[in-house]
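Work through the exercises below with the sequence and the model at hand. Each task is followed by a solution in steps.

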Amino acid sequence: MKHKIFLYLFIFAALIALYLFVSGGKMADVKDQKIQALRTEVQQLKDSVQNAQLKALDMQYFSLENNDDALAYYDHLQLQDPARYIADKLLETNESKGDNPLIPYEGMESDFKLNRIKLLNHKWIIADFSDGKYWGEIRLKYELKDDLGVDFTLMDHLLYTRSN
């Protein structure tokens, strides 16, 4: 009787060991597949980040902040950030009551105000404007004077039509 108990215990232990061996191998294969999928995903994300960085660099090409030749025009003024200074001066035109004086349209829903500004170089700006419902874009020429005054001149403009 004692012999049979040991035999049954041995067979039972062997079956458990076989089960653990097989399931462990399958778990290792599944883990390897997950690791490989994650490596592929990480590589795709790295490529995506690299593409985004290249796009950002490309978009910054026409930008006063990244144009050393254009910034050289303002070296004698001792401005910390000429682009920010000029953008602030342009945004000050929004403070007047009614429509912004640089925008050649009358607001339909409310007053037209400048929203986003992009300084292209030491002479040109592109900006968009909106009244909350209608929007458009303007191209400005500007001159930063030695007394830190800024003159803005409208070069071109457009107003988008709503298509409902």
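**Exercise 1.** Determine in which sense β2 and β3 pair, and over how many bridges.

Solution. The model is a predicted one. In it, β2 and β3 run antiparallel and are paired over seven bridges. Take Ala 127 as a reference point: its bridge partner in β3 is Ile 138. Next, follow the chain between the strands: β2 and β3 make a hairpin with four residues between them. In that turn, Gly 132 has a positive phi of about 105°.

**Exercise 2.** Find the strand order of the open sheet and state which strands stand at its edges.

Solution. Begin with the pairing of β1 and β2 (residues 124–130), which is antiparallel over five bridges. Leu 114 has Phe 129 in β2 as its bridge partner. Four residues link β1 to β2 in a hairpin. The complete open sheet has four strands in the order β1-β2-β3-β4, with antiparallel pairing. β1 (113–119) and β4 (150–159) each have a single partner strand, so they are the edges, and one side of each lacks a neighbour in the sheet. From one strand to the next, the twist averages 30°.

**Exercise 3.** Identify which strands helix α3 touches.

Solution. Helix α3 (residues 82–92) packs on the sheet and touches β1, β2, β3 (135–144) and β4. The direction of α3 makes about 160° with that of β1.

**Exercise 4.** Decide whether Leu 15 is buried or exposed.

Solution. Leu 15 lies in helix α1 (residues 2–59). Its relative accessible area is 51%. The cut-off for exposed is over 50%, so Leu 15 is exposed. Leu 15 also belongs to a nonpolar surface patch whose members include Leu 7, Tyr 8 and Phe 21, with about 890 Å² of accessible area for the patch together.

Notes:
Residues are numbered from 1 along each chain as its sequence is written. This is a predicted model: local features need pLDDT of at least 70, side-chain atom pairs count only at pLDDT 80 or more; totals for chains, interfaces and linings use all residues. Side-chain values use heavy atoms; hydrogens and water are left out. Two strands pair if DSSP finds at least two bridges between them. Helices (H or I, at least four residues) and strands (E, at least two) are DSSP runs, numbered from the N terminus. Axes are lines fitted to C-alpha atoms, for helices over the stretch in contact, and angles run from 0 to 180 degrees between N-to-C directions. Contact means heavy atoms within 4.5 Å. Patches are made of residues with over 30% relative accessible area and no salt bridge: like charges are joined within 9 Å, nonpolar side chains (Val, Leu, Ile, Met, Phe, Trp, Tyr) within 5 Å. Accessible areas come from the Shrake-Rupley method with a 1.4 Å probe; for residues, only the protein chains shown count as cover. A salt bridge is a side-chain nitrogen of Lys or Arg within 4 Å of a carboxyl oxygen of Asp or Glu. Buried means under 20% relative accessible area, exposed over 50%, partly exposed in between (1.4 Å probe, protein chains only).
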